[in-house]
Amino acid sequence: MRQRRSVFADLRPQVAEPTLAEFERFHAMLPAPGVARRCVAAFKDTIVFAPSSYTDEDFPARVGESPYEVKRLTTFGYWLLVLVSLTGLSTLLGFTDTLDASEVEVINAREVDDVLPPHPLHPSEAVMQYVRRKSGEAVRPCRRFEYNFRLAGLSVVMLHFRGQTTGFLHLVEIYDSRLPRPIRRLFQNLTVWASRRLYPRRRNARGD
């Protein structure tokens, strides 16, 4: 398991995790600046941001990195995505539909199946194996969000997972674009480019 806590970690002030309503505004891409900072800070471990066109091969089971893992989420990177993706503008102009924003009741040991109903934007088992490997712990779903950003032509599902050992919050976000293929490809390339430059690769004790 990765050990990320420094000797000074326990000296930092404990900040309450954002509420469901605050996370709802955050994922709708139009929160107050203070809420955005708190939500970004809440995700302490593995983050996946992938198009619905991903394949299981994009998430290696034993060694290697996924091109869709966000190595480090920053507030600046979040606001850049709000601007580039047009999702913030969609919400501002009233063209965003919130389809779900709820706490998830965990009823068994499965991460997604049997806890959440089947959905084309729910992560595959390969994605979940990758999240467990990278986080070094079992995880359970705790929140689900779903949006239709009509102006941006995007349908998105965001799932929060709680680490069973550390209590850390993990994020898996799968999106489907209804934009024409050339624009969709440009958007995907742009998000990958921004992720690699804004979220530098982080080191961990296991060397993953």
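Rings of Phe, Tyr and Trp (its six-membered ring) pair if their centres lie within 6.5 Å, with planes under 30 degrees apart counted as stacked, over 60 as edge-to-face and the rest as tilted. By this rule, Phe23, Phe26, Phe43, Tyr78 and Trp79 form one aromatic cluster. This is a predicted model, in which local features need pLDDT of at least 70, side-chain atom pairs count only at pLDDT 80 or more, and totals for chains, interfaces and linings use all residues. Residues are numbered from 1 along each chain as its sequence is written, and side-chain values use heavy atoms, with hydrogens and water left out.

**Aromatic pairs**

- The count comes to 9 aromatic pairs.
- One of them, Phe23 with Phe43, is tilted, at 5.8 Å centre to centre and 50 degrees between the planes.
- Phe23 lies in helix H1 (residues 20-27) and Phe43 in strand S1 (residues 43-51), so this pair ties together parts that are 20 residues apart in sequence.
- Helices (H or I, at least four residues) and strands (E, at least two) are DSSP runs, numbered from the N terminus.
- Tyr78 and Trp79 form an edge-to-face pair, at 5.2 Å centre to centre and 70 degrees between the planes.

**Burial of the ring residues**

- Buried means under 20% relative accessible area, exposed over 50%, and partly exposed in between (1.4 Å probe, protein chains only).
- Phe23 is buried at 0% relative accessibility, and Phe43 is buried at 7%.
- Tyr78 is buried at 4%, whereas Trp79 is partly exposed at 29%.
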